Amino acid sequence: MENCCPAHPFVKWAGGKAQLIEEIRKVLPLDLEKRKHLTYIEPFVGGGAVFFWILQEYPNIERAIINDINQELVDTYHVIKNDVENLILSLQELQQEYISLALPERTAYFLEKRQIFNKKNIHNTNLAALFIFLNRTCFNGLYRVNAKGEFNVPHGKYRNPKIADENNLRACSQLLQKVEILCGDFERTSRYADPNSIFYLDPPYKPLTATSAFTSYTKHGFDDSEQIRLGRFCQKIARKGALFIESNSDPKNINSQDTFFDSLYETFLIRRVSATRMINANASKRGAISELLISNIANRQP
Ligand SMILES: C[S@@+](CC[C@H](N)C(=O)[O-])C[C@H]1O[C@@H](n2cnc3c(N)ncnc32)[C@H](O)[C@@H]1O
């Protein structure tokens with residue numbers, strides 16, 4: 001699914017939503033492709049699996065706004081939009097150097113590049129190249145930072161990682177030309193809410209168990225009070241006439257009495273869909289479980 005369209009995510013990202021796309025499609029308004037003056041907004045864009053898909057699937061989307069709190073990720077979107085050819089050259093150089101090394105030397109090379117990346121005193125385009133390089137060569141394509149905000153994922157052991165994917169980067173760059181790219185807290189996107197707007201929200205999921213927590217995309221984390229703040233945000237944009245779809249975890253997988261989201265979103269529609277969790281330290285726990293799609297779009301059959 002991830003590679004169905006010319007432009008697809010240029011990084012692997014925890015919580016990537018490629019597998020939920022068909023379920024999201026079922027929740028979208030039936031007449032979406034006929035709507036005019038549409039604005040698409042994604043406040044937690046991450047790797048952008050849904051963003052890249054929806055912009056190509058619905059070319060009538062006139063304008064899009066993407067946002068994420070991760071500064072390095074957002075800077076990379078900007079570089080892909082504005083300086084893609086130089087980015088490709090830097091990535092090709094990294095790819096040639098890395099692939100020519102034997103495994104132990106690759107680890108040393110990776111650690112050296114990680115250190116340069118964490119110092120952040122290089123030109124934006126080179127920093128974006130390192131961001132993509134580290135994502136392609138680190139363990140599981142994770143992005144995790146320590147308390148100081150430093151990327152600290154260890155080296156992965158992929159034999160032949162695709163570091164410079166020129167065709168995809170050019171396709172992403174073309175698509176990004178009509179996109180406004182923001183970095184900050186999700187709340188600042190509420191100003192784009194109006195009756196011609198549609199939001200897809202994919203926040204860090206509420207962890208189902210203490211050990212399944214994966215909320216360190218940034219040093220700030222995302223706890224229950226953040227989930228409640230997001231619930232209020234959805235009410236606010238809905239009042240302004242915007243449509244929204246949010247995905248989140250389903251606490252009922254663990255405790256059938258847990259009504260956290262059912263209460264928080266009681267005025268909206270909640271659909272339970274099946275998904276496979278990708279980020280879990282314990283490989284045996286990567287089975288299918290249910291996830292939530294919460295929305296205010298009522299024109300579909302359940
Ligand atoms: C589940 S991921 C999104 C995954 C994405 N849909 C994909 O397909 O790759 C959640 C994203 O929210 C971002 N984030 C965390 N807290 C945030 C906040 N307060 N405001 C905006 N973005 C935030 C993280 O940096 C992360 O990229």
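These legends go with a set of close-up views of a predicted model.

**View 1. The whole fold, before we zoom in.** The protein carries 9 helices and 7 strands. Of its 302 residues, 37% are buried. If you take the contacts between residues at least 6 apart in sequence, 72% of them join residues at least 24 apart.

View 2. How many of the residues of β4 are buried? The count is 5 of 5, so β4 is largely enclosed by the rest of the structure. Both faces are covered: Ser-197, Phe-199 and Leu-201 are buried on one side, and Ile-198 and Tyr-200 on the other. Strands β1 and β4 run parallel and are joined by 3 bridges; look for Thr-39, whose bridge partner in β4 is Ser-197. Then turn to β5 (residues 243-249), which runs parallel to β4 (residues 197-201) and is joined to it by 4 bridges.

**View 3. What surrounds the ligand.** Pick out the ligand and you'll find 23 residues around it, with Trp-13, Gly-15, Phe-44, Gly-46 and Gly-47 the closest. By type, the shell divides into 11 nonpolar, 8 polar and 4 charged residues.

**View 4. Helix α2, mostly under cover.** Of its 9 residues, 7 are buried. They are Ala-49, Val-50, Phe-51, Phe-52, Trp-53, Ile-54 and Leu-55. What do these buried residues of α2 pack against? Their neighbours are α1, β1, β2, α7 and β4.

**View 5. Helices α3 and α7 crossing.** Two packed helices are described by the angle between their axes and the distance between the axes. For α3 (residues 71-82) and α7, the axes come within 7 Å and cross at roughly 90°. The two helices are therefore roughly perpendicular to each other. At the contact, Tyr-77, Ile-80 and Lys-81 from α3 meet Leu-169, Cys-172, Ser-173 and Leu-176 from α7. Sorted by type, the residues of this contact are 5 nonpolar, 1 polar and 1 charged.

**View 6. Ser-90, tucked into helix α4.** Ser-90 sits in α4 (residues 84-99). Is Ser-90 buried or exposed? With 21 other C-beta atoms within 10 Å, Ser-90 is buried, because the cut-off is 20 or more. Leaving out residues up to four places away in sequence, Ser-90 touches Thr-125, Asn-126 and Ala-129. Leu-130 is 40 residues away along the chain, yet its C-alpha atom and that of Ser-90 are separated by 8.6 Å.

**View 7. Two loop residues with positive phi.** Most residues other than glycine have a negative phi. His-37 has a positive one, near 55°, and lies in the loop between α1 (21-27) and β1 (38-42). Why does His-37 count as exposed? It has 12 C-beta neighbours inside 10 Å, and 12 or fewer means exposed. Asn-140 also has a positive phi, near 60°, and is found in the loop between α6 (124-137) and α7 (166-176). With 14 other C-beta atoms within 10 Å, Asn-140 is partly exposed.

Key: Residues numbered from 1 in each chain as written. Predicted model: local features only at pLDDT ≥ 70, side-chain atom pairs only at ≥ 80, totals over all residues. Near = placed C-beta within 6 Å. Nonpolar A, V, L, I, M, F, W, Y, C, P; charged D, E, K, R; others polar. Contact = placed C-beta atoms within 7 Å. Axes fitted to C-alpha atoms, helices over the stretch in contact; angles between N-to-C directions. Parallel < 35°, antiparallel > 145°, perpendicular 65-115°, else oblique. Pairing = 2+ DSSP bridges.
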